[in-house]
Amino acid sequence: MKAVLAAVIVASLAGGSARAETFPSKPIRMVVAFPPAGPVDLVARLIAPALSETLGKNVVVENRTGASGNVGTAEVKRAPADGYTLLAHSSAFAINPSLIPESGYDAQKDFVPVAIMASQPNVIVVHPDFPAKTLAELIKSAREKRLAYASPSSGTTPHLTAENLFRVAAKVDITHVPFRGAGPATTAVVSGEPPIGSLAASGPMPHLKSGKLRALAVSSSRRLPSLPDVPTFAEAGYRGMEDYTWVGLFAPVGTPAAVVQKLNDAVNRALQNPQVRERFDGLAFEPVARKPRETADYLRAEVSKWSKVVRDTGAKPE
């Protein structure tokens, strides 16, 4: 019996090694869990051509939207664990299981983290006609009248960043208006309905440059080079609130470790591509290069962090 078991293990290891050596032998699907024009879609479409070049096979990006990213997540969870179907998701991937009981997945048990591809802070923006010129003035205005803010969706980090800032830190009640992605949320604030937004920096960046929106504060540890005049939350008086919207790549649990490593290597190589880095810089994305184990550790910390924010804010899916 021991001899048979040993033979099975050896055969399994050999099979995994063989799969890694021949991987990929066909195109790879990268399922984006959010609509076009948002941070996840932008990163996926920027990095896919570089990944295709590195891996020698096409990486095809497909949007599968709905339920704060859970529709696309469920599709990839059901896919074969062979590395040919990957999930591109935002930091909401770490949030949804604690915010949405029926999300249908465990972030650490149902998926293998391949890589965190990019990261950027969230930014509080307002329509240019909105009277507040600083975050302090916005908070003061919220104490005097009813206000509302837009976010890409319930459960995204821009949503929870705003809830933590407004309800917990500043103790004001600003009504949350969720949208179906960063693109629609940004468009809404540009139109002034509502006049306030909490968004990952890439979405509103073109409108901030053109003057169609105005930024009040960013959630990063330091000011953004692309927005040098916009203070951080800490500079605005709210310390200990460094939040980031990141874009990660995940595979179904059971995907061979060697395949995950090969994908991780390809992502990290793609992030060194000068054209990719230039586009990232222009959109306030910071490339993130971590090994699989470091990526798993980071995901574990994010799940813990955001579950606490969900508890502290009392945030609910909307």
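Buried is used in these legends for a residue with under 20% relative accessible area, exposed for one with over 50%, and partly exposed for anything in between (1.4 Å probe, protein chains only). The structure is a predicted model, in which local features need pLDDT of at least 70 and side-chain atom pairs count only at pLDDT 80 or more, while totals for chains, interfaces and linings use all residues. Residues are numbered from 1 along each chain as its sequence is written, and side-chain values use heavy atoms, with hydrogens and water left out.

**View 1. Tyr105 and Phe111, both of them buried, form an aromatic pair.** Rings of Phe, Tyr and Trp (its six-membered ring) are paired if their centres lie within 6.5 Å, and planes under 30 degrees apart count as stacked, over 60 as edge-to-face and the rest as tilted. By this rule there are 9 aromatic pairs. For Tyr105 and Phe111 the ring centres are 6.1 Å apart and the planes stand at 90 degrees, so this pair is edge-to-face.

**View 2. Trp246 and Tyr298 make an edge-to-face pair, with 6.2 Å from centre to centre and 65 degrees between the planes.** Because Trp246 belongs to strand E9 (residues 244-252) and Tyr298 to helix H11 (residues 292-313), the pair ties together parts that are 52 residues apart in sequence; helices (H or I, at least four residues) and strands (E, at least two) are DSSP runs numbered from the N terminus. Trp246 is buried, with a relative accessible area of 0%. One aromatic cluster is formed by Phe93, Tyr105, Phe111, Trp246, Phe250 and Tyr298. The charged end of Arg290 sits over the ring of Tyr298, 4.2 Å from its centre, where the criterion is that NZ of Lys or CZ of Arg is within 6 Å of the ring centre and within 35 degrees of the ring normal.

**View 3. Met30 and Phe93 touch the most other members of the largest nonpolar core, which has 53 residues.** Such a core is a set of buried Ala, Val, Leu, Ile, Met, Phe, Trp, Tyr and Cys residues joined through side-chain atoms within 4.5 Å. Helix H2 (residues 39-55) gives the most to this core, with 9 residues. A second, separate core of 22 residues includes Ile124, Ala132, Tyr149 and Ile196.

**View 4. Helix H6 (residues 157-169) is mostly covered, with 10 of its 13 residues buried.** Among the buried residues of H6 are His159, Glu163, Asn164 and Phe166. Just after H6, Lys171 takes a positive phi of about 60 degrees.
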